[in-house]
Amino acid sequence: MGSRTWVEDTEVSVKAPSLSKAGEAAAQLKVTPFDTHTNGDTLQWTPSSWTTKPIKQDVIYDDRAAVSTALAKLERCPPIVTPMEICKLKERLKDVALGKAFLLQGGDCAELFDYCNSDMIESKIKLLLQMSLVLIYGAGKPVVRIARMAGQFAKPRSSPTELYNGRTITAFRGDNINGYSPEERNPDPSRLVSAYFHSAATSNYIRASLSSGIADLHSPLDWELGHVKEECIKAKYETIVNSITESLRFMKTVGADSAASSLETVELYTSHEGLLLEYEQSLTRQLKTPPSAHQPQAHTNGTHTSEPKQYYNTSTHFLWIGDRTRQPNGAHIEYFRGIANPIGLKIGPSMPASELVPLLDILNPSHEIGKITLITRYGASKISSLLPAHISAIQASPHDGTVIWQCDPMHGNTRSTPTGTKTRHFESILSEVSDAMRIHKEMGSFLGGVHLELTGEAVTECVGGSEGLDEEDLEGGGYKSFCDPRLNEKQALELAFLVAGGFREK
């Protein structure tokens with residue numbers, strides 16, 4: 001019998017939401033060690049076939065009933081994004097893979113539920129738009145914008161535990177798993193549902209802001225520069241803005257302004273690491289493929305013609321596989337191989353060049369152009385010795401010309417100060433991007449994008465840059481990250497200017 005409620009003194013039976021068979025498999029895995037209930041072997045892909053594979057960075061909950069309740073709720077929630085939006089992004093990424101556009105991806109290392117407020121969302125939107133404006137000016141090509149927002153809550157950790165006041169506690173894994181307070185470290189499945197609603201609210205406000213003119217190029221000076229105080233950076237930005245303003249004025253004068261509505265907003269897509277597969281599975285839906293995204297041939301079912309359907313992860317537009325979860329026979333690769341979304345694959349120093357192509361054979365057997373973004377994260381001191389072998393492996397394979405090469409200059413350049421504070425040096429970040437551009441050019445390839453951890457807030461988490469931040473500045477109260485250090489607005493804009501300068505020199 002389901003739960004009961006009362007309406008005008010009349011008893012009404014309300015059936016509790018049921019969990020699908022796929023959800024049951026995921027719920028069981030979340031409270032039972034992997035090797036006790038599965039042989040790890042599967043042939044046909046389904047949204048839950050990952051539950052038959054070994055899994056890394058897993059989360060085990062104490063309460064099976066609570067896990068089932070959370071997943072059942074998620075299965076009944078509407079999609080956060082649509083197949084039309086996903087397919088539109090795939091078309092844009094195809095242009096990036098062909099060298100016709102550049103990919104800018106950025107946002108927080110790990111979002112907090114508290115970041116779901118108008119000021120913080122707007123600040124990140126404005127920063128990404130400002131950076132894209134600079135990159136358009138420098139690269140002379142369109143920029144595809146993807147935010148690490150509206151779902152980037154979970155983070156892989158090098159250790160599942162940490163020491164706190166002399167005792168061992170569970171590490172903070174992200175707001176969708178547990179709380180930062182030591183008293184809230186036990187994984188709580190209800191946070192999965194909270195993550196959905198915070199993601200949906202963030203996505204909704206992003207759409208509302210864009211449709212309300214936050215990115216209107218007819219009035220670019222309305223894009224407040226916020227914390228950018230360095231006059232040389234502000235002057236460079238204003239030069240670009242003035243150039244665009246003059247171009248728009250010329251278009252209006254000669255009557256070429258009839259398509260002005262296309263200048264009043266931009267496309268901004270969302271992304272996150274696909275780490276918690278029970279969450280991702282719950283929002284994976286078999287939906288009709290938009291007419292513009294499939295071939296004209298039809299699938300037949302008896303005497304009736306049915307529209308083609310694919311499995312879409314509707315929690316976000318773009319997901320990536322982390323460097324710690326890309327095992328060829330692992331759960332994450334198994335899940336990702338079946339979804340229609342564009343996906344990213346992190347490549348670090350631990351990936352042998354011989355492993356890269358077999359992974360792509362699993363994830364993109366049809367060699368779809370722009371389907372896979374290879375996100376390299378070596379570190380400034382290692383990129384020159386590691387990137388060439390990975391480029392050569394792709395060039396010698398059927399995947400040559402299908403992938404997007406994207407540089408993540410953040411994760412390989414993290415270090416700790418003598419006091420234990422994690423930071424990154426701006427010069428190391430810039431060095432890795434610059435070397436990536438150089439190496440790709442030398443090998444007949446090209447850098448298709450950058451992947452950055454950044455914020456629109458006036459934080460002091462990364463050192464260096466024209467502002468001259470040093471390690472002492474990290475202790476002054478401006479360090480806000482609960483995970484890894486991020487570029488602040490000034491540093492992020494400065495990096496965009498320097499990358500743009502590299503394109504113009506090229």
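Guide: After α5 comes Gly-213, with a positive phi near 100 degrees. Helices (H or I, at least four residues) and strands (E, at least two) are DSSP runs numbered from the N terminus, and residues are numbered from 1 along each chain as its sequence is written. The model is predicted, so local features need pLDDT of at least 70 and side-chain atom pairs count only at pLDDT 80 or more, while totals for chains, interfaces and linings use all residues; side-chain values use heavy atoms, with hydrogens and water left out.

The length of α5 can be checked. Its 22 residues should span 32 Å at 1.5 Å a residue, and the end C-alpha atoms are 32 Å apart, so the two agree. The expected span is 1.5 Å times one less than the number of residues.

Two packed helices are described by the angle between their axes and the distance between the axes. For α4 (residues 118-139) and α5 (residues 190-211), the angle is about 60 degrees and the axes are 10 Å apart. The two are therefore oblique: under 35 degrees is roughly parallel, over 145 roughly antiparallel, 65 to 115 roughly perpendicular, and the rest oblique. Axes are lines fitted to C-alpha atoms, for helices over the stretch in contact, with angles from 0 to 180 degrees between N-to-C directions. The crossing of α4 and α5 is right-handed, that is, the near helix is turned clockwise from the far one by less than a right angle.

On the α4 side, Ser-118, Ile-121, Glu-122 and Ile-125 make the contact (heavy atoms within 4.5 Å), and on the α5 side Thr-202, Tyr-205, Ile-206, Ser-209 and Leu-210. Five residues of this contact are nonpolar, three polar and one charged. Nonpolar here is Ala, Val, Leu, Ile, Met, Phe, Trp, Tyr, Cys and Pro; charged is Asp, Glu, Lys and Arg; the others, Gly among them, are polar. An α-helix has 3.6 residues a turn, so residues three or four places apart point the same way.

Now the second pair. The axes of α9 (residues 353-363) and α10 (residues 383-395) come within 9 Å and cross at roughly 40 degrees, so α9 and α10 are oblique to each other. This crossing is right-handed. Ala-353, Leu-356, Val-357 and Leu-360 of α9 meet Ala-389, His-390, Ala-393 and Ile-394 of α10. The contact has seven nonpolar residues, one polar and no charged.

Last, the single residues. Ala-150, not a glycine, has a positive phi of about 60 degrees. Ala-150 sits in the loop between β4 (143-148) and β5 (161-164) and is buried at 0% relative accessibility. Asn-165 also has a positive phi, near 50 degrees, in the loop between β5 and β6 (167-170). At 69% relative accessibility, Asn-165 is exposed, for which the cut-off is over 50%.

How values were computed:
Buried means under 20% relative accessible area, exposed over 50%, partly exposed in between (1.4 Å probe, protein chains only).
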